[in-house]
Every structure is written in C-alpha cells, then in structure tokens.
Amino acid sequence: DMWDTRLELIQPIYRGGQGLNLHARRKFELQAARFGLLGVLNDVFYSVKAAFYRVLLARELLVVQEQSV
C-alpha cells in the first residue's frame, strides 16, 4: 500500500487592502446595527408614552362623563 499525504499552506503577501476593507465594513455594520437597535428602542418608548397618555385621557373623559350624569 502506498500512502500520499500533502499539506499546503498559503499566505498571501498582498491582498490589496482586503483585510482593512473587511474590518471597516464590519465596523460600519456594527454601527448600523446599533442605530437599528436605537430606532427600535425609540419606537418602544414612544408607544409606551402614547399608551400612557391615552389612559390618562380616557380617565379624564370618564370623570367628565360621570360628572355630567
């Protein structure tokens, strides 16, 4: 029986800035994800505040309605 084993390692000398571009891209993707998260948080805070003020308005309308009876 004859066995043949081969191991080949390749390390490019120059990639044309590919590594730097990839790092910058990931950095911008992370920043975009953070802004997306901030947008979602702002939407949640707005929804909670709007619901809170609708409850306050409903309570006041109920008081006015009870006083008019």
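Visitor: Where do E29 and R25 lie, and how many residues apart are they?
Guide: Both E29 and R25 lie in helix α1, four residues apart, which is about one turn of the helix; helices here are DSSP runs of H or I with at least four residues, strands are runs of E with at least two, and both are numbered from the N terminus. Please keep in mind that this is a predicted model, in which local features need pLDDT of at least 70 and side-chain atom pairs count only at pLDDT 80 or more, while totals for chains, interfaces and linings use all residues. Residues are numbered from 1 along each chain as its sequence is written, and side-chain values use heavy atoms, with hydrogens and water left out.

Visitor: What does E29 form with R25?
Guide: E29 forms a salt bridge with R25, with the closest N and O atoms 3.0 Å apart; the term requires a side-chain nitrogen of Lys or Arg within 4 Å of a carboxyl oxygen of Asp or Glu. R26 also forms a salt bridge with E29, and there the closest N and O atoms are 3.0 Å apart.

Visitor: Why are R26 and E29 separated by about one helical turn?
Guide: Because they are three residues apart in helix α1.

Visitor: And how accessible is E29?
Guide: E29 has a relative accessible area of 36%, so it counts as partly exposed, a class that lies between buried (under 20% relative accessible area) and exposed (over 50%), with a 1.4 Å probe and protein chains only. R25, at 49%, and R26, at 46%, are partly exposed as well.

Visitor: How many salt bridges does the structure hold?
Guide: It holds three, and one of them is formed by R6 with E8, whose closest N and O atoms are 3.4 Å apart. R6 is placed in the segment before α1, and both R6 and E8 are exposed.

Visitor: Changing topic, which residues make the nonpolar surface patch?
Guide: The patch, of about 760 Å², is made by F35, L37, L38, V40, L41, V44, F45 and V48. Patches are made of residues with over 30% relative accessible area and no salt bridge, where like charges are joined within 9 Å and nonpolar side chains (Val, Leu, Ile, Met, Phe, Trp, Tyr) within 5 Å; the areas come from the Shrake-Rupley method with a 1.4 Å probe, and for residues only the protein chains shown count as cover.

Visitor: Where is L38 found?
Guide: L38 is found in helix α1, which covers residues 18-68, and it is partly exposed at a relative accessible area of 45%.

Visitor: What is the radius of gyration of the protein?
Guide: The protein has 31 Å, whereas a compact globule of 69 residues would have a value near 11 Å; the radius is taken over C-alpha atoms, and the globule rule is 2.2 Å times the number of residues to the power 0.38. Along its principal axes the C-alpha trace spans about 100 × 40 × 5 Å, and the secondary structure comes to one helix and zero strands.

Visitor: What share of the residues is buried?
Guide: Buried residues make up 1% of the 69 residues.
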